[in-house]
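Please keep the viewer open as you read.

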Amino acid sequence: MRIKYTVLCAALASAMLFNTACASNKNNSNAAAQGGVTSEADISVEQTSTAEASSSSETLASSETSTTTETAETTDDAPIVTVEDGNIGDIELQSGDLIAEFEIEGYGTIKAKLFPEIAPVGVDNFVKLAESGYYNGLNIHRVISDFMLQGGSLNGDGTGGEAADGGEFGVEISEHARHFYGALCYANAQGKNTTQFYIVNNKQPQDLSLLPTPDDLRGTAEVYLIQSEMYEDDPVYSNYYKAMADYYNNLALMLENATPEVIEKYTTEGGTPSLDGGYTVFGQVYEGFEVIDSISACEVRESAYEELSEPVQTITITSVKVSRYEG
């Protein structure tokens, strides 16, 4: 396998940055750059429950928890997932489809179609949280222009909250669900989802050919696996490097499986393709894009994690409701 020297250096530099950041600031889980892809490829959930958890960089899918929906097609009782179940083509609503409606105070309403065939666990969790009223009154605590907006944190700062049935659950990945503009996704902590979601707000055209090649990504993954073995006695560091290895391997697969339709949609509608394979995409916005754009244009300041992403004025989620589409 050919591994470019620059990619290796980027991966190792990222590993070194993680080590230094953890040693100097165990509460800043956004500190680890994800070399070779994008400095913003980090949709994280801040953990505060234990000292080990708060020192981990909270990023992408880990090998113990990530799943790929397409693998279910080989079983007798699992539904076959098709492109119509995701967001590759136009979003067409059919009677009975699950619809999520976000009411944002002072901004308006965002409506998204949910993907239970692609992310059954994630959608079930989201529906239960919404029906319980969990999201009502929480805030959008993180906004980065041309990247994403994030909410659903119990404490309003990226911390707190657990899955509807308790604890956490793994990432669900599908080549039919991509990070296009308006994608509804789960933020995660090393491949573990709970309550926090984000919506992709980047409308800038994306050229997939500018990303590292699949071979280069797999080469970077190998470097992270080596790092994981070096820290096998320290689960915080070891799990982080394993998660990064999975992210790069998953992204390589997603790039290899990118159809002409995927390439064209990223070019015309924008998104964040560097996140494909690392996070659960469980829905797609079809109405309220002007609300996304308005929120994305809000004034932000530096957060407690030294990131320019915290809205100066509180952005409140008035309610999140889930219903069946009646067409």
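The report goes from the whole chain to a few individual residues.

**Overall picture and confidence**

Please bear in mind that this is a predicted model. The protein chain averages a pLDDT of 81, and 74% of the residues score at least 70. Two stretches call for care. Over residues 1-41 pLDDT stays under 50, and the model has 92 contacts beyond four places in sequence for this stretch. Residues 47-66 also stay under 50 in pLDDT, with 76 contacts beyond four places in sequence. Where pLDDT is low, the predicted coordinates should not be read in detail.

The protein chain has seven helices and 13 strands. Of its 327 residues, 54% count as buried. Among contacts between residues at least 6 apart in sequence, 76% join residues at least 24 apart.

Let us begin with Tyr 186, which sits in strand 8, residues 183-189. Tyr 186 is buried, with a relative accessible area of 0%. Its C-alpha atom is separated by 6.0 Å from that of Gln 196, ten residues apart along the chain. Beyond its neighbours within four places in sequence, Tyr 186 is in contact with a set of residues including Gly 122, Phe 126, Phe 169, Gln 196 and Phe 282.

Glu 172 belongs to strand 7, residues 172-173. This glutamate is buried yet has no salt bridge: Lys 128, the nearest side chain of opposite charge, is 12 Å away. What lies by its side chain instead is backbone nitrogen, from Val 121 and from Gly 122. Gly 122 also has its backbone oxygen by a polar atom of the Tyr 186 side chain, so the two side chains can be followed together in the table.

| Side chain (polar atom) | Backbone atom | Distance |
|---|---|---|
| Glu 172 | nitrogen of Val 121 | 3.0 Å |
| Glu 172 | nitrogen of Gly 122 | 2.8 Å |
| Tyr 186 | oxygen of Gly 122 | 2.6 Å |
| Tyr 186 | nitrogen of Phe 126 | 3.2 Å |

Helix 4 covers residues 214-230 and has 17 residues. From its first C-alpha to its last it reaches 25 Å, close to the 24 Å expected at 1.5 Å a residue. Its buried residues include Asp 216, Leu 217, Arg 218, Val 223, Tyr 224 and Gln 227. An α-helix has 3.6 residues a turn, so residues three or four places apart point the same way.

Tyr 240 has its place in helix 5, residues 235-256. Is Tyr 240 buried or exposed? Tyr 240 is buried, because its relative accessible area is 0%. The C-alpha atoms of Tyr 240 and Tyr 224 are separated by 8.9 Å, while the two residues are 16 apart along the chain.

**Two loop residues with positive phi**

Most residues other than glycine have a negative phi. Asp 146 is not a glycine, yet has a positive phi of about 60 degrees. This aspartate lies in the loop between strand 4 (140-144) and strand 5 (148-151). At 36% relative accessibility, Asp 146 counts as partly exposed.

Glu 306 likewise has a positive phi, near 60 degrees. Its place is in the loop between strand 11 (300-302) and strand 12 (308-311). Glu 306 counts as exposed because its relative accessibility is 58%, and the cut-off for exposed is over 50%.

Terms used:
Residues numbered from 1 in each chain as written. Predicted model: local features only at pLDDT ≥ 70, side-chain atom pairs only at ≥ 80, totals over all residues. Heavy atoms only, no water. Helix = DSSP H or I, 4+ residues; strand = E, 2+ residues; numbered from the N terminus. Buried < 20%, exposed > 50% of the residue type's maximum accessible area, 1.4 Å probe, protein only. Lys, Arg positive; Asp, Glu negative; His and termini not counted. Salt bridge = Lys/Arg side-chain N within 4 Å of Asp/Glu carboxyl O. Polar contact = N/O pair within 3.5 Å; in protein donor to acceptor, adjacent residues only side chain to side chain. pLDDT = per-residue confidence, 0-100. Contact = heavy atoms within 4.5 Å. Expected span 1.5 Å × (residues − 1).
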